[in-house]
Amino acid sequence: MTQLKTWPWQRRNFLKATAVSAAVLLTPKADAAANSCEITPSTEDGPLYPAEDIPWASDLTRMPGRSGTARGQIAYLFGQIKSFDCRPVSDATVEIWQADNNGYYKHPRHTAPNGLDPHFRYFAKVRTDAAGRYMIKTIVPKWYRIFDIDRAAHIHMKVRSPNHGVVTSEIYFSGEDQDALRKRDRVYQSRRDKEKLVVQRDDRIGDPELRSTLENDAAICNFDVMYRL
Ligand SMILES: [Fe+2]
């Protein structure tokens, strides 16, 4: 089981926890995130919620026992889980599930004609630390079509806490290509407060030297989740 035990932008701990070759130091961002108290728009699971157990893992770009890496733009997704009164929620479980670089989910309802990416996990879960924070290394998924709807690239997230309940949401990405996709994505367009679901792909504040230790075009995306009362 790979799981973060400490706030992952404490670089050494992140490296130890995920065994990846790069990390993110975003302490100033952590302070900014702590001051962000906006209710997260909730969505539904959708038809492609994982049909099998979701493993504990903070790195979706590698599979145990395999040396290859997932295809696609690397994304470091991080944030803080907060209660309705904006207090950190520790020990929450953060699940994500998403499409791969070809726009396919690992799900019986979504058949990839050329097969799935053998190096991509497709879904995983982590636990928040004492300050309610999480980090997951994954890829920016490709857009996909389902039920005749073109879905802009997004990552599904479900947060579970024994004391605070469940929040399900979706994370979309900034950029001209995604702006165009979201305009014709009828599901996204139907979301309330949908702009809050869009993350910047370079939400990095911190030591610029660290950029040289990350994958060249890695996306750095902050997505906080705050419970509704
Ligand atoms: Fe989806």
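Modeller: Let's begin with burial: a residue is buried if 20 or more other C-beta atoms lie within 10 Å of its own, exposed if 12 or fewer, and partly exposed in between, with C-beta atoms placed from the backbone. R133 counts as buried because it has 25 C-beta neighbours inside 10 Å. Please keep in mind that this is a predicted model, where local features need pLDDT of at least 70, side-chain atom pairs count only at pLDDT 80 or more, and totals for chains, interfaces and linings use all residues. Residues are numbered from 1 along each chain as its sequence is written.

Colleague: In which strand is R133 found?

Modeller: Helices (H or I, at least four residues) and strands (E, at least two) are DSSP runs, numbered from the N terminus. R133 belongs to strand β4, residues 133-139.

Colleague: How many helices and strands does the chain have?

Modeller: There are four helices and eleven strands.

Colleague: And how do strands make a sheet?

Modeller: Strands of a sheet pair through backbone hydrogen bonds, either parallel or antiparallel. Here, two strands pair if DSSP finds at least two bridges between them. Take β7 (residues 154-161) and β8 (residues 165-173): they run antiparallel, joined by eight bridges. H156 has E170 in β8 as its bridge partner. Three residues lie between β7 and β8, which form a hairpin.

Colleague: Which strand runs parallel to β8, with two bridges joining them?

Modeller: That is β9, residues 198-199. There, V199 is the bridge partner of F173.

Colleague: What is the order of the strands in the open sheet of five?

Modeller: The order is β3-β2-β7-β8-β9, and the pairing is mixed. β3 (123-127) and β9 stand at the edges with a single partner strand each, so one side of each has no neighbour in the sheet. The partner of β3 is β2 (residues 93-98), antiparallel to it with five bridges. In that pair, T93 stands opposite R127.

Colleague: Which way do the residues of β10 point, and are they buried or exposed?

Modeller: In β10 (residues 219-222), A219 and C221 point one way, while I220 and N222 point the other way, and all are buried. β10 also pairs with β1 (residues 74-82) in the parallel sense, over four bridges. A75 stands opposite A219 in this pair.
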